[in-house]
Amino acid sequence: MASQSSNATDRTDNTSVCSEASTLFEVPDRHGFLGGAQYSPDPKPGPPPETVLRREQKWLRMLAKWEAYMDKNYKKVRERCRKGIPMSVRPKAWLYLCGGKLLMDKHPVDYEQYLREPGDPKCLDDIKKDLHRQFPHHEMFATEDKPGQRELHDVLKAYTMWNIEDGYCQAQAPVAAFLLMHMPAVQAFWCLVSVCDRYLPGYYARGLETVQRDGDMLEALLKRTCPAAYRHLKQVKAEPVLYMTEWFLCAFTRTLPWDTLLRVWDVFLCEGVKVLFKTALVILAGCLGSSKSRRRCPGLCETLEVLRNPPPQILTEEYLLYHMYRLPLTEHDFEMEHQRQTARRKANAASNSSKSPR
């Protein structure tokens, strides 16, 4: 059984907006944070109560006939996800959207069975080392005696037994913790399984080859959507793996402000990995799209610094989602670029194999 701890995710302890030193407050904010960059005590203005109630009722009706909507009216599901899922129904909606409910119904006793089994000692040791690093300013994970750390251990341990070949990857921990903030452990586990195996297949395997391929895809798409940012990254020799690995492996859970992250995940679980690409493209263009912003990043170090700590205004849900939906990219564009990069990597691998000594 494998257990991984990539350098890219090791860096998140120093660069994540979720792990900055901060004064802890006695009263958590509406998302459960007691401090840190994610702490936001002031309630954010939202839709009028009657609008929220109307959306909740629509979602409840839709969830009651979920298979019919997904089979015959997916566009309506997508439209409602893009508007934002009401907080009261978000946990259930996410469970249904990602297919976690189907997995849970198909394997009703597997999670509890995994918890009763001993597990791989190396994986369990690595998991234990990472528990305190996940959202330490959140009330669920602030101390070892909180239920969050125990449940996070259980969910991650269970995944190593579900996927023995890949085992544990450090980048799965913030994703699992993020899910645990919204649903019971058994539901969080099956959502994690779906995200890892269906949405991001190959991301957590040894070598991170799939992530590297998607980094090349991102670079090619950036060349189309924001040539100036693409040229700058090439000029300073910023390879995609240097700035996108944490974004994609952690599905932006360690990058975006909380309200933005929730909205991005509403769409991500509905539309798939292309949402991560679109999010990354908007951030790259926002950080490096103007000549003024590029002048502030004359070299590689400065460029990576701004990408690890993007200007707050481009991370707001209003800015990010508005520009995501206006990117000049179609489903066909993503499919063709995926095929192109996959074929290129296969050709390179074949070429290297033929050159190697017999």
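**Core, cysteines and salt bridges in a predicted model**

Me: Which residues have the most contacts inside the largest nonpolar core?

Reply: In this predicted model, the largest nonpolar core has 109 residues, and those with the most contacts inside it are Trp94, Tyr243, Trp247, Trp265 and Phe268. As general background, nonpolar side chains in soluble globular proteins tend to be buried together.

Me: What does tryptophan 265 touch, leaving out residues up to four places away in sequence?

Reply: With those sequence neighbours left out, tryptophan 265 touches Trp94, Val175, Phe178, Leu179, Val195, Ala251 and Thr253. Of these partners, Trp94 is also listed with Trp265 among the residues with the most contacts inside the core.

Me: And on the surface, which residues form a nonpolar patch?

Reply: Val241, Leu242 and Leu300 form a nonpolar patch there, and together they have about 190 Å² of accessible area. Valine 241 belongs to helix α15, which covers residues 240-249, and with a relative accessible area of 41% this valine is partly exposed.

Me: Switching to cysteines, how many disulfides are there?

Reply: The count comes to zero disulfides. Cysteine 250, for instance, is in no disulfide, and the nearest cysteine sulfur, which belongs to cysteine 169, is 8.1 Å away. Cysteine 250 counts as buried, at 1% relative accessibility.

Me: OK, charges next. How many salt bridges does the structure hold?

Reply: There are 18 salt bridges in the structure. One of them pairs arginine 82 with glutamate 271, whose closest N and O atoms are 2.8 Å apart. Arginine 82 lies in helix α5 (residues 74-83) and glutamate 271 in helix α16 (residues 258-271), so this pair ties together parts that are 189 residues apart in sequence.

Me: Are those two, arginine 82 and glutamate 271, buried or partly exposed?

Reply: They fall into separate classes, because arginine 82 counts as partly exposed at 27% relative accessibility, whereas glutamate 271 counts as buried at 13%.

Me: Where does the salt bridge partner of lysine 274 lie?

Reply: Lysine 274 meets glutamate 331 in a salt bridge, at 2.5 Å from N to O. The pair links distant parts of the chain, with glutamate 331 in helix α21 (residues 331-355) and lysine 274 in helix α17 (residues 274-288), 57 residues apart. Lysine 274 counts as buried at 14% relative accessibility, while glutamate 331 is partly exposed, with a relative accessible area of 43%.

Me: Which residues do salt bridges with shared partners join into one network?

Reply: The network consists of Arg82, Glu271, Lys274 and Glu331, joined by salt bridges that share partners.

Me: What about aspartate 126 and lysine 122, how far apart in helix α9 are they?

Reply: Both residues lie in helix α9 (residues 121-130), four residues apart, which is about one turn of the helix. Aspartate 126 is buried, with a relative accessible area of 12%, whereas lysine 122 counts as partly exposed at 47% relative accessibility.

Notes
Residues numbered from 1 in each chain as written. Predicted model: local features only at pLDDT ≥ 70, side-chain atom pairs only at ≥ 80, totals over all residues. Heavy atoms only, no water. Core = buried A, V, L, I, M, F, W, Y, C linked by side-chain atoms within 4.5 Å. Buried < 20%, exposed > 50% of the residue type's maximum accessible area, 1.4 Å probe, protein only. Contact = heavy atoms within 4.5 Å. Patch = residues over 30% accessible without salt bridge, like charges linked within 9 Å, V, L, I, M, F, W, Y side chains within 5 Å. Areas by Shrake-Rupley, 256 points an atom, 1.4 Å probe, with all protein chains shown as cover. Salt bridge = Lys/Arg side-chain N within 4 Å of Asp/Glu carboxyl O. Helix = DSSP H or I, 4+ residues; strand = E, 2+ residues; numbered from the N terminus. Disulfide = S-S within 2.5 Å.
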